[in-house]
Amino acid sequence: IIIVIIIIIIIIIIIIIIIIIIIIIIIIIIIIIIIVIIMIIVIMIIIIIIVLIIIIIIIIIIIIIIIIIIIGNDNNDI
C-alpha cells in the first residue's frame with residue numbers, strides 16, 4: 001500500500017513537472033513569435049519611412065529642376 005502511494009505520488013510529480021515544462025515552452029514560443037512580429041512591423045515602418053524620404057527628396061529635386069528650367073527660359077526670353 002505504501003509503495004503504491006509512493007509510486008502514485010512520483011507519477012503525479014512527474015506529470016506536474018512535464019506540464020510545467022510544456023507551459024514554459026509554450027510561453028517562450030509565444031514570446032519569440034511576439035518579438036518576431038514586432039521586429040517585422042518595425043522593419044516595415046523603417047522601410048516605409050525610408051521610401052517616403054526618398055520620394056520626398058526626388059519630388060524636391062524635380063521641383064528644383066523645374067524652377068531652374070523656368071528661370072532659365074525666362075532669362076532666355078528676355
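Student: Over residues 6-38, what are the percentages of helix and strand?
Tutor: That stretch is 100% helix and 0% strand. Its end C-alpha atoms are 48 Å apart. Keep in mind that this is a predicted model.

Student: And how far apart are the end C-alpha atoms over residues 45-71?
Tutor: They are 39 Å apart. Residues 45-71 are also 100% helix, with 0% strand.

Student: Which residues does UniProt list as "transmembrane region"?
Tutor: The unreviewed UniProt entry lists 6-38 and 45-71 under that name.

Student: How many helices and strands does the protein chain have?
Tutor: There is 1 helix, and there are 0 strands. Helix H1 covers residues 2-77.

Student: What box do the C-alpha atoms fill?
Tutor: Roughly 115 × 5 × 5 Å, along the principal axes. The radius of gyration is 34 Å, whereas a compact globule of 78 residues would have one near 12 Å.

Student: New topic. What share of the residues is buried?
Tutor: 0% of the 78 residues. The protein chain exposes about 7000 Å², and carbon and sulfur atoms supply 92% of that area.

Student: How far is Ile11 from Leu52 in space?
Tutor: 61 Å, C-alpha to C-alpha. In sequence, Ile11 and Leu52 are 41 residues apart.

Methods
Residues numbered from 1 in each chain as written. Predicted model: local features only at pLDDT ≥ 70, side-chain atom pairs only at ≥ 80, totals over all residues. Heavy atoms only, no water. Helix = DSSP H or I, 4+ residues; strand = E, 2+ residues; numbered from the N terminus. Rg over C-alpha atoms; globule rule 2.2 N^0.38 Å. Buried < 20%, exposed > 50% of the residue type's maximum accessible area, 1.4 Å probe, protein only. Areas by Shrake-Rupley, 256 points an atom, 1.4 Å probe, with all protein chains shown as cover. UniProt positions renumbered as here; feature names shortened; annotations may be inferred.
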